[in-house]
Amino acid sequence: MFGYIVVNKPELKFREFGVYQSYYCGLCRALKEKYGRFGQMTLSYDMTFLAMLLTGLYEPETSESTVRCITHPFEKHPVCMNVFTEYAADVNVLLSYYKCEDDWLDEHKAGKYLFASLLRKKNHRIAKEYPAKACKMAENLSRLHEVEKNGGVTLDETAGLFGEIMAELFVYKEDEWADSLRRIGFFFGKFIYLMDAYDDIEADIKKKCYNPFAPRFKEEGFEEEVKLVLTMMMAECSREFEKLPILLHAEILRNILYAGVWTKYEAVHARRMKEKEKAAENAEAARGAENGEPATDMRNEEAAEGTKNGELASDMRNKEAVTGVSDAASLTGTKDAGGKEENTERQDGVPKL
């Protein structure tokens, strides 16, 4: 769906990554069992975090098994499933449906409209089970669409609309942990919205779509400003997370909060810096070529003149060489004649026997 809430794999122990992957597979299996293949297509790592967060907090009974699937047909792999993987599956389909509708309204993507129509019946079923969450999501996405269409609000207010959606989804039930979960979801939602805007800024500007970062994209200090805003969002998430009495899977969750969420940011930032460096090099090369054209013409003229003078000098040397050869030939002929006379005289001077 978004793909920004992931683990930083190199920083995880092998066993921890296996546990994380087993919850991801559990979410995949829950989607297939509850919503079929089309539901399974909405699978995301974002909701894997939610399933593990709620599992770590409430520690429900969890079934562990090994299964084969279409992705791993030849080898069995571990799967963890519980009430929260099923809840995450419901939330995932609900969010995917409204995200597809929003994309259709914003960019008129036919594929998104088609996929939303395939999920519509499933969405109605989920909305009956979680009416407050579905209503909040539909209301805020409608407001967000109007804001993006008309503008006139701050960056914080725009991101806050999506943050409120995620805040409701992170709360499984109203208890003593609801406020902290709601705040984690709120700032996670703002982070996802802003990270998505940062990732898509060039494409949005090209398509003339709304992007909260577009007015400041070319300004000095833009990258530092974005990093600061995203850091503030994750700082609030982490602060609320540390208030929760979570021991189960705590290290995996911390890996996501403190390192994993920055994986995509760093990739996008590195790509953008590389593109800027390449553009600067091309611009410098173009300026150098433009400034170097007169000098090049002069060098070409000088080379042509030098070639002409060289040809004249070569002709003169050739003439001199020909003259020298002729003189040498004359001298050689005289000597030969003289040599013959000498030989003759010497031959004549030889006493005949």
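Q: Which elements each supply at least two residues of the lining of the second largest pocket?
A: In this predicted model, helix α1 and strand β2 (77-81) each do so. The largest share, eight residues, comes from α1.

Q: And which residues lie nearest the centre of that second largest pocket?
A: C28, Q40, C69, I70 and T71 lie nearest its centre, out of 17 lining residues. The space in this pocket is about 300 Å³.

Q: How does the lining of the second largest pocket divide by class?
A: Eight of its residues are nonpolar, five are polar and four are charged.

Q: Turning to the largest pocket, how much space lies in it?
A: About 840 Å³. Its lining is made of 35 residues, and those nearest the centre are K99, D103, E107, D196 and D200.

Q: What is the class make-up of the lining of the largest pocket?
A: The lining of the largest pocket has 17 nonpolar, 14 charged and four polar residues. Helices α3 (83-107), α4, α5 (131-150) and α7 each supply at least two residues to it.

Q: Staying with α4, where is K121 found?
A: K121 is found in helix α4, which covers residues 110-129.

Q: Is K121 buried or exposed?
A: K121 counts as exposed because its relative accessibility is 73%, and the cut-off for exposed is over 50%. The C-alpha atoms of K121 and Y35 are 9.9 Å apart in space, although the two residues are 86 apart in sequence.

Q: Which residues line the largest cavity?
A: The lining consists of I5, D46, M47, F49, M166, F170, F188 and I192. By class, seven of these residues are nonpolar and one is charged, with no polar residue.

Q: Which helix gives the most to that cavity lining?
A: Helix α2 gives the most, with three residues. At least two residues each come from α2 (45-58), α6 (155-170) and α7 (178-207).

Q: How do α1 and α2 cross?
A: The axes of α1 (residues 14-40) and α2 come within 9 Å, with a crossing angle of roughly 110°. The two helices are therefore roughly perpendicular to each other, as that class covers angles of 65 to 115 degrees.

Q: Which residues make the contact of α1 with α2?
A: From α1 the contact uses V19, Y20, Q21, Y23, Y24 and L27, and from α2 it uses Y45, M47, T48, M52 and T55. Eight of the contact residues are nonpolar, three are polar and none is charged.

Q: What is H249 in contact with, leaving aside its neighbours within four places in sequence?
A: H249 is in contact with V19, Y23, M52 and T55. These four residues also belong to the contact between α1 and α2.

Q: Where is H249 found, and is H249 buried or exposed?
A: H249 is found in the loop between α8 (222-241) and α9 (250-260). H249 is buried because its relative accessible area is 16%, and the limit for buried is under 20%.

Q: Finally, the whole chain: how many helices and strands are there?
A: The protein chain has ten helices and two strands. From the N terminus, the elements run α-α-β-β-α-α-α-α-α-α-α-α.

Q: What share of the 353 residues counts as buried?
A: The share is 39%. As for contacts between residues at least 6 apart in sequence, 71% join residues at least 24 apart.

Note on methods. Residues are numbered from 1 along each chain as its sequence is written. This is a predicted model: local features need pLDDT of at least 70, side-chain atom pairs count only at pLDDT 80 or more; totals for chains, interfaces and linings use all residues. Side-chain values use heavy atoms; hydrogens and water are left out. Buried means under 20% relative accessible area, exposed over 50%, partly exposed in between (1.4 Å probe, protein chains only). On a 1 Å grid over the protein atoms alone, a cavity is a set of points where a 1.4 Å probe fits but cannot get out, and a pocket is an open set with protein on both sides within 12 Å along at least five of seven lines; lining residues have an atom within 4 Å of a point. Ala, Val, Leu, Ile, Met, Phe, Trp, Tyr, Cys and Pro count as nonpolar, Asp, Glu, Lys and Arg as charged, and the others, Gly among them, as polar. Contact means heavy atoms within 4.5 Å. Axes are lines fitted to C-alpha atoms, for helices over the stretch in contact, and angles run from 0 to 180 degrees between N-to-C directions. Angles under 35 degrees count as roughly parallel, over 145 as roughly antiparallel, 65 to 115 as roughly perpendicular and the rest as oblique. Grid points are joined across faces, edges and corners, and a volume is the space filled by probe spheres set on the points.
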